[in-house]
Amino acid sequence: MIVRDVKIRVRYYETDCMGIVHHSNYVRYYEVARTEMLREFGTTYNEMEEYGVMLPVLEVQSNYISPAYDDDLLTVRVKLAKMPQVRMRFDYEIYRENGDLINTGAVTLAFMNSKTRHACRVPEYFVNLLKPYFD
């Protein structure tokens, strides 16, 4: 399993009129953490697209436990539990600065050939980037 923590400061515009982070932003926080994890592996979405692979979202789950507020410093913990094949699932936990768990979620992506727009297996170069973490 690969686990990474990414810090995100809540910005005012992400809140609603009650000063609470709007629920739609949690999916964005997931994406920020996932993108940073991919960067740590040595790749980006742009690079994957250059290899002819896209990663559309198949499913999003989000469980709201407690609200986040403007200027909160959040830790988004992203986990990749197994080597991807045709799909890749990331699990998330979001913590307030005091350590309180405020949100959990998951996002499942599919590997898709950018030309045919059909599902495909994970590219070999991507498997090679992940192997050291799963051996």
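**Salt bridges**

Modeller: This is a predicted model, and nine salt bridges are counted in it.

Biologist: Nice. Which side chain does Arg4 meet in a salt bridge?
Modeller: Arg4 pairs with Glu40, at 2.4 Å from N to O. That pair connects distant parts of the chain, with Arg4 in strand 1 (residues 2–9) and Glu40 in helix 1 (residues 24–41), 36 residues apart.

Biologist: Let's move to Arg39 and Glu36. Where do they lie?
Modeller: Both are in helix 1, three residues apart, which is about one turn of the helix.

Biologist: How accessible are Arg39 and Glu36?
Modeller: Arg39 has a relative accessible area of 44% and is partly exposed. Glu36 is partly exposed too, at 33%.

Biologist: Changing topic: what does Glu93 form a salt bridge with?
Modeller: Its partner is Lys79, and the closest N and O atoms are 3.2 Å apart. This pair also links distant parts of the chain: Glu93 sits in strand 5 (residues 87–95) and Lys79 in strand 4 (residues 73–80), 14 residues apart.

Biologist: Which residues join Lys79 and Glu93 in one network?
Modeller: Asp5 and Arg77 do, through salt bridges that share partners.

Biologist: Last one: why does Glu93 count as buried?
Modeller: Because its relative accessibility is 19%, and buried means under 20%.

Definitions and conventions: Residues are numbered from 1 along each chain as its sequence is written. This is a predicted model: local features need pLDDT of at least 70, side-chain atom pairs count only at pLDDT 80 or more; totals for chains, interfaces and linings use all residues. Side-chain values use heavy atoms; hydrogens and water are left out. A salt bridge is a side-chain nitrogen of Lys or Arg within 4 Å of a carboxyl oxygen of Asp or Glu. Helices (H or I, at least four residues) and strands (E, at least two) are DSSP runs, numbered from the N terminus. Buried means under 20% relative accessible area, exposed over 50%, partly exposed in between (1.4 Å probe, protein chains only).
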